[in-house]
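Subject: Structure handover

Hi,

Here is the structure for you to look through. My notes on it follow below.

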Amino acid sequence: MPADRLQGLGTTIFTEMSALAERTGSINLGQGFPDEDGPPAVLEAAVAAVRGGANQYAPLPGVPALRAAIAEHQRRRYGLVHDADTEVQVCFGATETIAAALLGLCDPGDEVVALDPFYDSYRAGAALAGARLVGVPLRPPEWRFDPDELAAAVTERTRVLLLNTPHNPTGRVLDRAELEAVAAVCRERDLIAVSDEVYEHLVFEGEHVPLATLPGMAGRTLTVSSIGKTFSVTGWKTGWGCGPAELVAAVRGAKQFMTFAGGTPFQHAAAVALATAEEHGGRLAGELAAKRDRLCEGLERAGFEVLRPAGTYFVNADVRPLGSDDGVAFCRDLPERAGVVAIPTSVFCGDPERVRTLVRFAFCKREEVIDAAAERLARLRPGQSG
Ligand SMILES: Cc1ncc(COP(=O)(O)O)c(C=O)c1O
């Protein structure tokens, strides 16, 4: 029996939907993992690290080559300067980094403010720390938040503002004015920001602006990212946090007793990969933009109302034109009706009613898989049979 604070978190919808995909032979556009491997040179770097003997525990902060590569990436791309020893921490993915940050920074009873919908580990991460996640609505179809609502969500108990841009599940890339509103609240209310930027390279419109680059934010922001999305190696679970030494020390302290340090060969390979992040990320973003267009057109042809994303690899679509007003029921039926799996957007929401009619599809799949899914979905169009 889980402890009280973990009650209600349950198993994730991904487990249920992936099992359903398997049972029905459906195309799985639910969970967001690419169906193609990362660049050969990066895969080879992992093999070479294994063969070269990098098979024991890494140092707790992460292997020096990766920490240096992370610091160099932040400097060259964003002008953010970090000491690779005290201001960078490598973890098992962004997920562990965020969980360790919340454990290291929050006391039981504290509050964590996040844009709602949010990536599903956020609520669980806060719960592990005994903290409470407080959502600030991002409203469809534009997925914008109201700065007054953000300011009003902050209380005496708020310890961390947990941001995510580019944003999962909406595909929004926050603009500079929105980030300025976030930064203003952090400065005025003396909050720590944890900024999840795992999709930093997967932007099709606009530009990714790290929260830490805004005035007064470098000293209070832990920036989180990972190698998984940029290099299509989500299973490597190699991520990191960088920021002021006190924040990194909080992550390190918690991580030390969770997993200590590991994934050593992947850390070495991630260091090799990061040197080409802009070049590879730019190419991948171009390919993903084309896949986005392909899937969006397919969804529109099938009758969905599509909310076109500016980044990430997710698109949300409204099922109302298809005669449904419930995304959960729609997704449960979709494998049988059309042989495709999607995820109801409401599972990412503290307030599910607000996005009740939306469902999320992932487009980080091969073109032929997207085309096959679109063909199957076309059967849903009112008036189509079979
Ligand atoms: C917003 C967001 N943060 C974090 C993660 C997880 O990153 P990692 O696999 O590096 O733990 C994901 C993966 O889907 C995500 O969408």
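Ser 195 is found in strand 6, residues 192-196. Helices and strands here are DSSP runs, numbered from the N terminus (helices: H or I, at least four residues; strands: E, at least two). Ser 195 is buried, with a relative accessible area of 0%. Buried means under 20% relative accessible area, exposed over 50%, and partly exposed in between (1.4 Å probe, protein chains only). Setting aside neighbours within four places in sequence, Ser 195 contacts Leu 163, Leu 211, Thr 221, Leu 222, Thr 223 and Val 224. Contact means heavy atoms within 4.5 Å.

A word on the source. This is a predicted model, where local features need pLDDT of at least 70, side-chain atom pairs count only at pLDDT 80 or more, and totals for chains, interfaces and linings use all residues. Residues are numbered from 1 along each chain as its sequence is written, and side-chain values use heavy atoms, with hydrogens and water left out.

Now the ligand. Residues around the ligand include Gly 93, Thr 95, Asp 196, Tyr 199 and Lys 237; each has a heavy atom within 4 Å of it. Helix 4 gives the most to this shell, with 3 residues. Gly 93 lies in helix 4 (residues 93-105) and is buried, at 2% relative accessible area. Gly 93 also touches Lys 237, Thr 238 and Gly 239, not counting residues up to four places away in sequence.

- Thr 95: a polar side-chain atom lies 2.6 Å from a ligand oxygen.
- Asp 196: a side-chain N or O atom is 2.6 Å from a ligand nitrogen.
- Tyr 199: a side-chain N or O atom is 2.7 Å from a ligand oxygen.

The protein covers 94% of the 400 Å² of accessible area that the ligand has on its own (Shrake-Rupley method, 1.4 Å probe).

Next, the backbone. Most residues other than glycine have a negative phi, and most peptide bonds are trans. Lys 237 has a positive phi near 50°. Lys 237 sits in the loop between helix 8 (227-230) and strand 8 (238-242), and is partly exposed at 38%. Phe 260 has a positive phi of about 55°. Its loop runs between helix 9 (245-256) and helix 10 (264-274).

Which peptide bond has omega near 15°? The bond from Asp 116 to Pro 117, which is cis. The bond from Pro 140 to Pro 141 is also cis, with omega near 5°.

Best wishes

Technical notes: Polar contact = N/O pair within 3.5 Å; in protein donor to acceptor, adjacent residues only side chain to side chain.
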